[in-house]
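Thanks for coming. Please have a look at the structure first.

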Amino acid sequence: MKKIILLLMISLLTAFFTVSCGGKNSASNNSITVMVPDWAVPSDEMLDAFTKDTGITVNMNVIAWENIRDKISIAAAGGTAAADVVEVDWSWVGEFNSADWLEPIELSKEEIDAMPSIQPFIIDGKVLALPYANDFRLAYYNKKHFEAAGITEAPKSWDDVYAALKAIRDAGVTTYPFSMPLNADESCTTSLIWMAYSKYGVVFNEDGTLNKDAVLGALQFINQMINVDKLIDPACKTSTGMDAYRRINSGEASFIVGPTSFVSRVQDPNESKVVGEVIPILLPGATGPSPKTFALPEGVGVIKLSKNKEAAMKFVKWFNSPETQKQLNYVQNTMPTRTSVMEDLINEGKLKNTGALLEESTLISSPFPKGVPSYYSEMTTAIFNAVNEMVLGAKTPEEAFNAMDTKIKELVAR
């Protein structure tokens with residue numbers, strides 16, 4: 001009898017532990033960790049709705065943007081996932097692809113076409129992340145400044161811009177009518193890229209090297225405006241990129257090419273002294289509006305080492321869905337990456353003073369023929385240092401080009 005009771009107890013314990021272990025595994029498969037910066041965090045109501053619809057619990061791990069890439073790298077070196085879903089900046093994609101850290105995401109052509117800013121996240125035909133925050137380069141001009149100098153139409157080409165800036169300065173409307181980031185940091189690199197891309201239609205050759213005519217031409221134009229004609233405030237040589245952009249808000253600058261966030265910033269009386277004066281327009285090009293613009297979006301992707309890839313993939317696609325895109329704009333003022341959602345928000349009156357915003361969003365394309373390269377972090381350092389040395393007078397445009405060209409050729413050949 002004692003033996004029978006003992007056997008029954010063992011059976012019950014075995015069943016208990018089997019169910020317990022099974023329950024833990026099931027919970028694990030229905031729980032994911034998402035590592036993003038604070039501006040990408042959905043509301044509790046949004047996350048609760050996602051959990052109700054999918055049964056997947058989401059644990060948000062909010063990390064400073066500048067620390068995320070290192071955390072992903074350190075975890076991967078140890079054979080683990082820093083999180084199931086992670087922030088993926090456009091500039092990290094080449095490195096993450098080379099390290100094989102991201103699980104490819106299956107999307108139809110129709111889905112890809114619905115969000116032009118997905119382009120930086122595609123390498124060799126593989127979609128490695130989905131964009132949740134749109135940022136592309138858009139031009140802004142102060143209509144009041146232009147009219148004060150006798151100019152009644154918005155500039156269409158870079159020649160129009162150049163002539164207008166000189167007229168505005170000569171009329172005494174403002175001392176430095178153009179502003180752009182020229183300090184030795186990432187915003188300086190992206191400034192050179194959009195200048196070359198909009199003015200010449202190309203930045204990099206098919207083999208990844210710099211297109212000399214375009215990049216040298218852009219360098220010469222920048223040098224002409226800051227060191228020869230003095231149309232750009234010398235403070236831009238050492239100030240932050242955001243400070244350079246904010247000169248349009250203060251009324252010091254008459255024209256900038258800047259982030260999409262300035263669609264709202266120039267209209268915010270808490271940030272702007274020129275409310276109602278600044279209009280977003282298409283990027284100028286060689287002979288008229290440029291047919292291309294450059295996007296710098298942020299996205300989310302699934303770590304390959306995740307043990308919950310199926311659940312993580314569901315979250316990424318939900319995060320990028322039209323309804324979530326709209327809700328993120330309400331909660332975080334995030335600029336949607338889907339053209340249809342942007343159009344809805346404009347029609348609803350949620351996005352105001354949009355000017356050419358919607359049209360420009362359809363002109364997004366990548367200046368990198370084969371996708372963002374794995375050596376981008378080294379390349380950008382070479383570019384912004386050379387540009388900054390040029391504007392400080394330490395290098396000619398030709399010398400600046402040769403410095404960055406030599407380094408990039410070394411990186412391509414490596």
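Aspartate 243 and arginine 246 form a salt bridge, with 3.4 Å between the closest N and O atoms. By salt bridge I mean a side-chain nitrogen of Lys or Arg within 4 Å of a carboxyl oxygen of Asp or Glu. The two residues are 3 apart in helix H10 (residues 241–250), so about one helical turn separates them. As a general point, an α-helix has 3.6 residues a turn, so residues three or four places apart point the same way. Helices here are DSSP runs of H or I with at least four residues, strands are runs of E with at least two, and both are numbered from the N terminus.

Aspartate 243 is partly exposed at 34% relative accessible area, and arginine 246 is partly exposed at 38%. The cut-offs are under 20% for buried, over 50% for exposed, and partly exposed in between, using a 1.4 Å probe and protein chains only.

A word on the source: this is a predicted model, in which local features need pLDDT of at least 70 and side-chain atom pairs count only at pLDDT 80 or more, while totals for chains, interfaces and linings use all residues. Residues are numbered from 1 along each chain as its sequence is written, and side-chain values use heavy atoms, with hydrogens and water left out.

Next, glutamate 378 and arginine 414, whose salt bridge has its closest N and O atoms 2.7 Å apart. This pair links distant parts of the chain, 36 residues apart: glutamate 378 is in helix H16 (residues 376–391), and arginine 414 is in the segment after helix H17 (397–413). Glutamate 378 is partly exposed at 32%, whereas arginine 414, at 65%, is exposed.

How many salt bridges does a search of the whole structure find? The count is 16. Another of them joins arginine 69 to glutamate 95, at 3.2 Å between the closest N and O atoms. Arginine 69 sits in helix H3 (residues 65–77) and glutamate 95 in helix H4 (residues 93–99), so this bridge ties together parts 26 residues apart in sequence. Both are partly exposed, arginine 69 at 27% and glutamate 95 at 24%.

Last, the helix. Which residues of helix H13 (residues 322–332) are buried? They include Thr324, Lys326 and Leu328. Among the elements covering the buried residues of H13 are helix H2 (44–54), strand S6 (130–133) and helix H12 (309–319). Just after H13, asparagine 333 has a positive phi of about 60 degrees.

Key: Contact = heavy atoms within 4.5 Å.
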